[in-house]
Amino acid sequence: GGGPGRGSGGRQTWTQPPSARARLRGPELSASKARRGGDDLTWPPGFRCLHVDDDAFVRMTLPLQTFELLRAPFDQAEDGETAVDMVERQDPPYAVVVMDNQMPGVNGTEAVERMRAGGYTGYVIGITGDPSGSGDRAAFERSGTNICVDKDSVGIRRIVEVLRGFAVAEGGGGPVAVESVESASDADAQHLNRASAVHGTAPAV
């Protein structure tokens, strides 16, 4: 199992994070082009995230484009069993869990089902290379995830948008603005192409 990475988690409702409507209306964001203003964001007391993936490369690169980019506190687990245990023990609860699906042992689908059965009500983002319409992806989407995104640059931007929905600007003025860009950077695409290749799928374009 994976030990803690970095990382502080207020309880959020299962159905919707703060600023969800603003997130859905907002511009498409590039993780690499988002303003490096982690100092501009204020996280709720106890806010903390959990990232779960069995692939060491993804555990290194995804946080660089999401949690570390926004300076959001987070922990990591490298399998579903460890993730379920960490969620059960975390107090206050993790606000957001970013969960891979295809992992040995307890996969993401089973892990999320067990988390929900245990009473976890935080926001779960499933991230997977499973193609849309596949049985594995459909089961993952039904397991209790709030959203399920692809392992590609668009998926990374969605994660950034959701995380920003939990943060407020200094003085409580709502989500901090970021630069609007049309597409992810070349660096984003290269990282995510490699991550998707590890799981035997091509990233969505």
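Two strands are taken to pair if DSSP finds at least two bridges between them. In this predicted model, strand E2 (residues 49–52) meets that mark with strand E4 (residues 96–100), the two being paired in the parallel sense over 4 bridges. Within this pairing, Val52 sits opposite Met99 of E4. E2 is also joined to strand E3 (residues 74–77), again by 4 bridges and with the strands running parallel; here Cys49 has Phe74 as its bridge partner.

Turning to the helices, Thr66 lies in the loop between helix H2 (56–65) and helix H3 (67–70). Its relative accessibility is 0%, so Thr66 counts as buried, the cut-off being under 20%. The side chain of Thr66 reaches back to the backbone oxygen of Leu62, at 2.7 Å. Beyond its neighbours within four places in sequence, Thr66 is in contact with Ile156, Ile159, Val160 and Leu163.

Then there is the pair formed by helix H5 (residues 108–117) and helix H6 (residues 135–142), whose axes come within 9 Å and cross at roughly 15°. Angles under 35 degrees count as roughly parallel, and H5 and H6 are therefore roughly parallel to each other. The crossing of H5 past H6 is left-handed. Gly108, Thr109 and Val112 make the contact from H5, and Asp136, Ala139 and Phe140 make it from H6.

Conventions:
Residues are numbered from 1 along each chain as its sequence is written. This is a predicted model: local features need pLDDT of at least 70, side-chain atom pairs count only at pLDDT 80 or more; totals for chains, interfaces and linings use all residues. Side-chain values use heavy atoms; hydrogens and water are left out. Buried means under 20% relative accessible area, exposed over 50%, partly exposed in between (1.4 Å probe, protein chains only). A polar contact is a pair of N or O atoms within 3.5 Å; within protein, one must be able to donate a hydrogen and the other to accept it, and residues adjacent in sequence count only if both atoms are side-chain atoms. Contact means heavy atoms within 4.5 Å. Axes are lines fitted to C-alpha atoms, for helices over the stretch in contact, and angles run from 0 to 180 degrees between N-to-C directions. Angles under 35 degrees count as roughly parallel, over 145 as roughly antiparallel, 65 to 115 as roughly perpendicular and the rest as oblique. A crossing is left-handed if the near helix is turned anticlockwise from the far one by less than a right angle, and right-handed if clockwise.
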